[in-house]
Amino acid sequence: MSAEERKPNPCEFVVLDDLPQGFSDGLPIEDQHAISEVVGKPVRLSGYDSDGRAELEFTDRKGITHFIYVDSGYIRTTDH
């Protein structure tokens, strides 16, 4: 996230721009697909953990809700 962008607030929607290298390695294939499908799309920001990582929430095509944590540098606000 660049310095001129504001830090998104919990409950806002943000765009997951990319995933860290190896992020989904070792996850079941269904989870890998669900996560990769939301890259570049708006997802709900649930909050931040004690390390400052963003907790993202999304529901996949099967209706399963997922929660993932990523460094806040991988997200941006949707108001661009």
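Predicted model: local features only at pLDDT ≥ 70, side-chain atom pairs only at ≥ 80, totals over all residues.
1. Leu16 counts as buried, because its relative accessibility is 0% (buried is under 20% relative accessible area, exposed over 50%, and partly exposed in between, with a 1.4 Å probe and protein chains only). The residue sits in strand 1; helices (H or I, at least four residues) and strands (E, at least two) are DSSP runs numbered from the N terminus. Beyond four places in sequence, Leu16 touches Val38, Val39, Gly40, Lys41, Val43, Leu56, Ile68, Val70, Tyr74 and Ile75, where contact means heavy atoms within 4.5 Å.

2. Residues are numbered from 1 along each chain as its sequence is written, and side-chain values use heavy atoms, with hydrogens and water left out.

3. The protein chain has 1 helix and 5 strands. Their order along the sequence is β-α-β-β-β-β. Among contacts between residues at least 6 apart in sequence, 54% join residues at least 24 apart.

4. On overall dimensions, the radius of gyration of the protein chain is 12 Å, which agrees with the value near 12 Å for a compact globule of 80 residues. That radius is taken over C-alpha atoms, and the globule rule is 2.2 Å times the number of residues to the power 0.38. Along the principal axes, the C-alpha atoms fill a box of roughly 35 × 25 × 25 Å.

5. Buried residues account for 29% of the 80 residues in the protein chain. The chain exposes about 5000 Å², and carbon and sulfur atoms supply 47% of this area. Accessible areas come from the Shrake-Rupley method with a 1.4 Å probe; for residues, only the protein chains shown count as cover.

6. Gly40, one of the contacts of Leu16, is found in the loop between helix 1 and strand 2 (42-48). Gly40 is partly exposed, because its relative accessible area is 46%. Apart from neighbours within four places in sequence, Gly40 is in contact with Val15 and Leu16. The C-alpha atoms of Gly40 and Glu12 are separated by 16 Å.

7. Two residues in the segment before strand 1 (13-16) deserve a note: Cys11 and Pro10. Cys11 has a phi near 80 degrees, a positive value in a residue other than glycine. Pro10 is partly exposed, with a relative accessible area of 42%. Its contacts beyond four places in sequence are Leu45, Ser46, Gly47 and Tyr48.

8. The largest pocket holds about 170 Å³ of space. Its lining consists of Ile29, Glu30, Asp31, His33, Ala34, Glu37, Asp60, Arg61, Lys62, Ile64 and His66. Helix 1 (residues 29-38) gives the most to this lining, with 6 residues. The lining divides into 3 nonpolar, 2 polar and 6 charged residues (Ala, Val, Leu, Ile, Met, Phe, Trp, Tyr, Cys and Pro count as nonpolar, Asp, Glu, Lys and Arg as charged, and the others, Gly among them, as polar). On a 1 Å grid over the protein atoms alone, a pocket is an open set of points where a 1.4 Å probe fits, with protein on both sides within 12 Å along at least five of seven lines; lining residues have an atom within 4 Å of a point. Grid points are joined across faces, edges and corners, and the volume is the space filled by probe spheres set on the points.
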